[in-house]
Amino acid sequence: MEIKPLGKYDVIVIGAGHAGCEAALASARMGKKTLILSINLEAVANMFCNPAIGGTGKGHLVREIDALGGQMGLVIDKTFIQSRMLNTAKGPAVHSLRAQADKVRYHDEMKHILETTPNLLLRQGEAVDIDFTEDNRVKGVLLRTGVYFNCDAVVIATGTFLGGKIYIGDCVMESGPNGLAPSNMLAENLKQKGLKLRRFKTGTPARVLSSSLDYSKMQVQEPDDHVVPFSFMNDDLDKEQVNCYLTYTNEETHRIIRDNFSRSALFGGLIEGVGPRYCPSIESKIERFADKERHQLFVEPEGLSTEEMYLQGMSSSLPEDVQRDFYKTIPGLENIELVRPAYAIEYDCIDPLDIKLNLEHRNFKGLFCAGQFNGSSGYEEAAAQGLMAGINAVLWLDGKNPFILDRSEAYIGVLIDDLVTKGTNEPYRIMTSRAEYRLILRQDNADLRLTQKGYDIGLVSKERYARFCESKKLTELEISRLKQTTKAPSEINKWLASLGASPIDNRISLADLIKRPEVTYANMAAIDTERPSLSDHVITKVEVELKYAGYIDKQLAQIEAFKKLENKVLPDGIDYLGMEGLRLEARQKLDQFRPASVGQASRISGVSPADINVLLVYLHKNEKA
């Protein structure tokens, strides 16, 4: 086939899923001529699995993406059909926002943003090869049609398309998600170029016809009355919302599935890829948790313009007839009509230990990697990596220092550090438990942590930055006012009694009063009549900062100790193999991963505290020399 050069771009993004969209938008908004490629434009920001954004840990990522100037939070705020704040019975560190999306509107909105962003071209086309110079520097991208584009940097964000293969029982199809074409030629060419690929697996539940369900037999999951936006650019999102529903499997469901284990592609030995631990198929749940009498099943709408309902918690690789039979045993699903069967999908990805903290591949200059290609799972994890890959591709082209968030600054930092330092043997999912400093990394203060950084690198708009500065100023002023405003026992003891709280004996500041468990910023309005009118974003920050001040101060002290190791930079040229005092395993691991700091080195498997002391002594000697 004749190769036809068609032009030059600064950055080419391969894949237009959630990672690719954020990468391309970041690159274009930071001034680079950017091309984003999708095998099919219907795949742009498509929700091939759960039609929702956010959730435990994931909601934090979306808020951080938004605070840095990303797009996901703005799009879900515009297209959600149900919003709920999760974990509200627990502390604010683990409060996580989740919104059910109208998946068609989400796709349409994100696609239109890509189409109207300056410096950015969205193009349908299958990338089949990446061209490199003799010194392994990105040179260009070849499309299946023979079209060739020169470029200086590439972001690979192929999702589950790369070498995609779908399994439904013993039916095996080379396919991307939802029946779209897979990307097989690129997978083979990447292997030939020397990228080490491996197989992971994920799955998606069936979609069913709404009119075939009996919702009277299910528990209603209502939306929150008060909607909290994902984006710091939004305050009021009041609109009509829809219900979701909850039902459960039973022993008959489990019996049918157990009787057909041999027909499952997963148990039958057809699938070689490793699946996600925290989102297992229904057959895996029944095998692993044989003592459980039931498993929950959420029934969720795919959008307002469709009758398709999504069965969350019921992914499967069983044949269609078995799926139909076990679904019919579940209350409310007795007359179920399947619109799309559940399936498992296997795909190629890299070992994230092969990439650096800026998401550039260790062996290929200008090749950045993001999303499920890096071994992660989920739209939010993908979008966070895409944003960082796009930012760092631009900074690399400009010869600037990489933009890296550490574990004390963002869940994005935890996500990327976990992937590139610890690696993963299964699709990686973010969780609040992975963060050491989660009281600091709350979703409510993501703008305070990150918006200044986003502005400094040129991604946050002037409008967003002005809004952030005003919000920060109002937060500080309100905290100061509450500290300075005091109340006498005679003014508030009757009110405290109405809350079931013990009385006070001396004057107390409103800042100290709000630390009491019975007191909230909202109910304190009864005795704080001259308070200013503030947005929900500001009120939440003020309340959490005051109510948990002692715990926050302790965690800030822990972060200061953490920073001491993170700030001890390890020069690129260190000869770890020849360094005396290091154990053999530590020498090999440090030489392989080339950590950026002593802190990162301490998190590498096989590097002991004694090895870290050797590195600290080495750095001390070199500082004196």
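Which side chain does a polar contact of 3.5 Å join to that of E300? The partner is Q100, a polar contact being a pair of N or O atoms within 3.5 Å, where within protein one must be able to donate a hydrogen and the other to accept it, and residues adjacent in sequence count only if both atoms are side-chain atoms. This is a predicted model, in which local features need pLDDT of at least 70 and side-chain atom pairs count only at pLDDT 80 or more, while totals for chains, interfaces and linings use all residues. Residues are numbered from 1 along each chain as its sequence is written, and side-chain values use heavy atoms, with hydrogens and water left out.

E300 sits in strand β16, residues 296-301 (strands are DSSP runs of E, at least two residues; helices are runs of H or I, at least four; both are numbered from the N terminus). With 2% relative accessibility, E300 counts as buried (under 20% relative accessible area, using a 1.4 Å probe and protein chains only). Leaving aside residues up to four places away in sequence, E300 touches several others, including N50, R98, C244 and Y310 (contact means heavy atoms within 4.5 Å).

Over to the helices: V538 belongs to α15 and is buried too, at a relative accessible area of 1%. Beyond residues up to four places away in sequence, V538 touches S471, L474 and T475. In space, V538 and N234 are 12 Å apart, C-alpha to C-alpha, though 304 residues separate them in sequence.

Terms used: Buried means under 20% relative accessible area, exposed over 50%, partly exposed in between (1.4 Å probe, protein chains only).
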